[in-house]
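Subject: Structure handover

Hello,

Please find the structure below. My notes on it follow.

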Amino acid sequence: MLPFTLEKVTSVQAAIAAASSGRRFIAGGTTLIDLMREEVERPEHLVDINTLPLSEIRIEGSDLVIGALARMADIAAHSDVQRLHPLVAESLIEGASPQLRNMASIGGNLLQRVRCPYFRMHDAPCNKRTPNSGCAAIDGLNAGHAILGTSNHCAATHPSDVAVALVALDATMQVRGPRGERSFPVEELFRLPGDTPHLEHTLLPGELILAVRVPGGPYSRRARYLKVRDRASYEFALVSAAAALEVGDGVIRQARLAVGGVGTRPWRLRTVEKALTGKAPDRKIFETAARLALEGARPLSGNHYKLELLPRTIVRALEMTGEAA
Amino acid sequence: MTTNVIGNPLPRVDGRAKVTGAARYAADFNQSGQVYAVIVAATVGLGRVTGIETAPVEKMPGVVAVITHRNAPRLPYAPHKSYIDPATGERLHVLQDDQVRFYGQPVAIVVADTLDQAERAAAALRISYTAERPLVDPADPKARPVVPEAGKQPDARLPADTARGNADRALADAPAKVDEIYEIARENHNPMEPHATVAAWNGNRLTLWSKSQFVVNEQAEIAAVFGVPPENVQVICPFIGGAFGTSLRTWPHVTLAAMAARQVGRPVKLVLTRKQMFFTTGHRPRTLQRMALGATADGKLTSIVHEGTGETSRYEEFMEALTSVTRFLYSTPNVRTRYRLLPLDIGTPNHMRGPGEASGVFALECAVDELSYKLGIDPIDLRRRNEPAIDEGENKPFSSRSLMKCHDLAAERFGWSRRSPQPRSMRDGRLLVGMGMASASYPAFHAPANARARLLPDGAAEIEVAASDMGPGTYTSMTQVAAETLGLPVERVRLSLGRSDYPPAPSHGGSWTMASVGSAIRAACIAVQEEAAKRPRDGRPVEATASAQRDPDAAARFSMHSFGAVFAEVAVDPDVGTIRLRRAVGAYGIGRVVNPRLARSQCIGGMIGGMGMALMERTVLDPRDGRPVNAHMADYLLPVNLDIPQLEAHFVEEIDPHVNALGVKGLGEIALVGMAPAIANAVFHATGKRVRSLPIRIEDVLTV
Ligand SMILES: Cc1cc2nc3c(=O)[nH]c(=O)nc-3n(C[C@H](O)[C@H](O)[C@H](O)COP(=O)(O)OP(=O)(O)OC[C@H]3O[C@@H](n4cnc5c(N)ncnc54)[C@H](O)[C@@H]3O)c2cc1C
Ligand code: SF4
């Protein structure tokens, strides 16, 4: 690990000021320290933001507002979250391990780095770690990689589970930087790799995530997260799906759907949502609609199975919306 | 005098020390003035080191030394081979030349005042290479199988070729046949405790606090490597945080630690990173096996052909008992086995829990299962129809064999009668449910061992032996043997393990510690009592050292193995392919059970290992340069608590007067053997899809 300084701040203002002069925020540290130990992340100055009053979890009307520093475990265990926004709770509980969830903040979760193994290997080319060095995964081992939103420069999936749920639910984020506060859809936080895979998100220099707001809707409680993987815990998704349906008079009035493990960012599936709307919530309809998810999919040598697994995961997640968690 | 201590479910005598942190593991033995060494590993898979820029690194803060093949001492590396080393080939000589034989091979070590400084300096060291593409895939047509040198003699312990009858003709003529290829991925041991060595020289004497399952061999090997008399080397390892075989051999890092300590004239601590534990500390070799069975319509086996190949390195021929069980598990007049090695540009594999047997039995027990479906015979019944009266391979009676008793007990506890035979016929809601079973077997090995017993004036006893306890509970079970033999309560017996200056013991592996070391302790306890009886009570301790080995006559007359039966139930999600083990029941015939609590714990650990083998574990190498791409605990999947369902282990009553005076066989390995085929067979029963390649993952069962 390279040497670094660590300073604590007691106000949002001070945090932003520090970050504007090139310092990096540290929350739970579960992504950042891990990667600093491997010298993939090399910040020289860290600002510890854990003392900032940004851990609150509250319901405002039908919206859920989650402070950026709320821990994954606390959000998932919150009774209002479980009752009113079960998809958020379920996607959090399916992520990482209990130890990690106790430490990890939701703000940090959204900004976690990719799990492509070559990203951590200094002796392998990786455009994301070292711009213009090449991509070891595209012609290498890529069973875990994306089939949607890839470029010839990078095909790593965005690993967050809760981000998939937030993108499905049209959540927004509230951030503050040197030039003031703004808020925008979580979906717009993530960039596609294109030919600049080292640029992952759209935060401006110095911007601090304050909170995530999840609007409530008639579909919020008919919403499930399905994460498919080879072991039951402590593994990233091969494929995951966050699905929410509003059903009335025997037809789907609104659908919200996003998938993980397949895209270079959490992948909203609006065409599938559209295909579901107005139809009966039954398996045949789900299957027909789910096939649309593969539009534009580009498998790599090792991940053809995702073409099969993705629609199946969507179908199953849609079915699960009608089942109790 | 007997106090019936043997057979009691005594809690671990070292449990308190372990949970309070009082137990000291290799890396806990910090020495004053100690410096830290970090290995720099090759980043190419085959080639030569052409340049190392040591100068800038030598100037970095805290750096004491940068040792490479250019400035490393030429070590004598006197010939040394124990039975734990491959019989053919020569161990990796570290930093003695510029050759890179596999990805991750040590090419330098950096020594610094603090670990941080050493890590940073190691990361900064620039090395250039000429590199070629290594051959790392045993399925690559360029991989050329060789006949293992040590298997060429017909009386070899692991013969390359064996035959009785004419298996190929009988197979061709058989009314029913299974002839398939089975594949098992490379696995790494992944114990919790990393390999670690603290090395300190005092003149020409070396002390190593080093994670080892075989301290006396580590002593002998390091003495040979450095050309010092063995008595000048002391190896200390009182506790081991899991090993599964990875610490049986003495790997290059031990030599490197000792080399660095001598070079810098200070004690050196070297702890491998998790990633480095995928490089130079052995692994279960990838295997490819052809298993062919011929049978009559009523399920009598007429032929078995078993051709197995395992990967090895270019510089050593690692052999394991891949085809051994095939020769005696079932009765059949015609058997042919063939064992070959595929030398690749990888580090040498080594024994991993259930070595050889676990892999060979997977192929055999899946093939027998396949045959049972072909013939429409219940798989237990099929095994019963082929139960041999004697070991037909050795032409000897078994000292004891409880295989069918194990099947009956496990089947009953499992509820096998509730299974409907048709594949894909059992459901639980949406989920496909499958039940599968398999036999297990592992040799009841025994090696000569020694122990010292000392009776103290206050009536307590001390026992010393150079064995190890990697976690099965050796401290506890050996204490029980000593207490029972001496007629003392267990609290009055103090057992010490893991020092090379104690009476020598065999490697702590191969499931022979209870039999071998237990017998030696028993002998030492008897000897010390005899000694005490001869001597007047003068208030001084009485001491005796004794050795024990298997009665050669019994060894010649009998075939000695443990047997077991494993039953597993899986649920497979027909939509998304997730495979979850729901429960498993094992029953084992292992002779006398010294401590049922520890035995159960051993079995459950082994079953979890078998579950990993079946459904999760594999080390994936990048074919371009041989690097393991998942050398990380988040990426190398092992079962986690949420995966592990209810596991039951039962023991059939088995009295074996021939194996040894204690009547014990081994347990550690057999607990893993059989689990993988039972699960694979259950997956077939659930889905109707036969997957012959481990681990079985979602993508394998997605489309049925
Ligand atoms: C082994 C392992 C397994 C995991 N498995 C999963 C999984 O299955 N699913 C899943 O979703 N996640 C998983 N994770 C990721 C884990 O959820 C994230 O590491 C965690 O959420 C990051 O939060 P943190 O608070 O620790 O972030 P930190 O490590 O502190 O920070 C991460 C990044 O976010 C920035 N940051 C943090 N807070 C803010 C803020 N308020 N404003 C602006 N920038 C900020 C930091 O500067 C840093 O760049 C896993 C992680 C590990 C190590
Ligand atoms: S896929 Fe992306 S993260 Fe992985 S090696 Fe390529 S550029 Fe790097």
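UniProt, in an unreviewed entry, lists residues 1-219 of chain A as "domain: FAD-binding PCMH-type". UniProt positions are given here in the numbering used in this email, feature names are shortened, and annotations may be inferred rather than shown by experiment. Over residues 1-219 the chain is 24% helix and 18% strand. The end C-alpha atoms of that stretch are 46 Å apart. Helices (H or I, at least four residues) and strands (E, at least two) are DSSP runs, numbered from the N terminus.

This is a predicted model, where local features need pLDDT of at least 70, side-chain atom pairs count only at pLDDT 80 or more, and totals for chains, interfaces and linings use all residues. Residues are numbered from 1 along each chain as its sequence is written, chains are lettered from A and ligands numbered from 1 in the order in which they are written, and side-chain values use heavy atoms, with hydrogens and water left out.

Chain B also has a record. The unreviewed UniProt entry places "domain: Aldehyde oxidase/xanthine dehydrogenase a/b hammerhead" on residues 20-133 of chain B. That stretch is 14% helix and 32% strand, with its end C-alpha atoms 49 Å apart.

Next, domains. Chain A is assigned domain 1 (5-50) and domain 2 (223-320). Their C-alpha centres lie 36 Å apart. The bounds come from an automatic or database domain assignment.

Now ligand 2. It is surrounded by 14 residues (a heavy atom within 4 Å). The closest are Cys116(A), Cys126(A), Cys135(A), His153(A) and Cys154(A). The shell divides into 10 nonpolar, 3 polar and 1 charged. Here Ala, Val, Leu, Ile, Met, Phe, Trp, Tyr, Cys and Pro count as nonpolar, Asp, Glu, Lys and Arg as charged, and the others, Gly among them, as polar.

Cavities next. The whole structure holds 11 of 30 Å³ or more. A cavity is a set of points, on a 1 Å grid over the protein atoms alone, where a 1.4 Å probe fits but cannot get out; lining residues have an atom within 4 Å of a point. Grid points are joined across faces, edges and corners, and a volume is the space filled by probe spheres set on the points.

- The largest cavity has a volume of about 170 Å³. Its lining has 19 residues, with Lys128(A), His158(A), Arg191(A), Glu200(A) and Thr264(A) nearest its centre. The lining divides into 11 nonpolar, 4 polar and 4 charged.
- The second largest cavity has a volume of about 130 Å³. Among its 17 lining residues, Arg91(B), Leu92(B), Thr250(B), Trp251(B) and Pro252(B) lie nearest its centre. Domain 1 (31-133 + 191-243 + 247-278) and domain 2 (149-187 + 283-444 + 557-701) of chain B both contribute to this lining, so the second largest cavity lies between them.

Asp161(A) is in the loop between α7 (106-110) and α8 (162-168), and Lys227(A) is in strand β9 (residues 223-228), 66 residues apart.

Last, the backbone. The Leu694(B) to Pro695(B) peptide bond is cis, with omega near -5°. Tyr77(B) has a positive phi, near 40°.

Best wishes

Methods: 1 Å grid on protein atoms, 1.4 Å probe; cavity = no way out; pocket = protein on both sides within 12 Å on 5 of 7 lines; lining within 4 Å.
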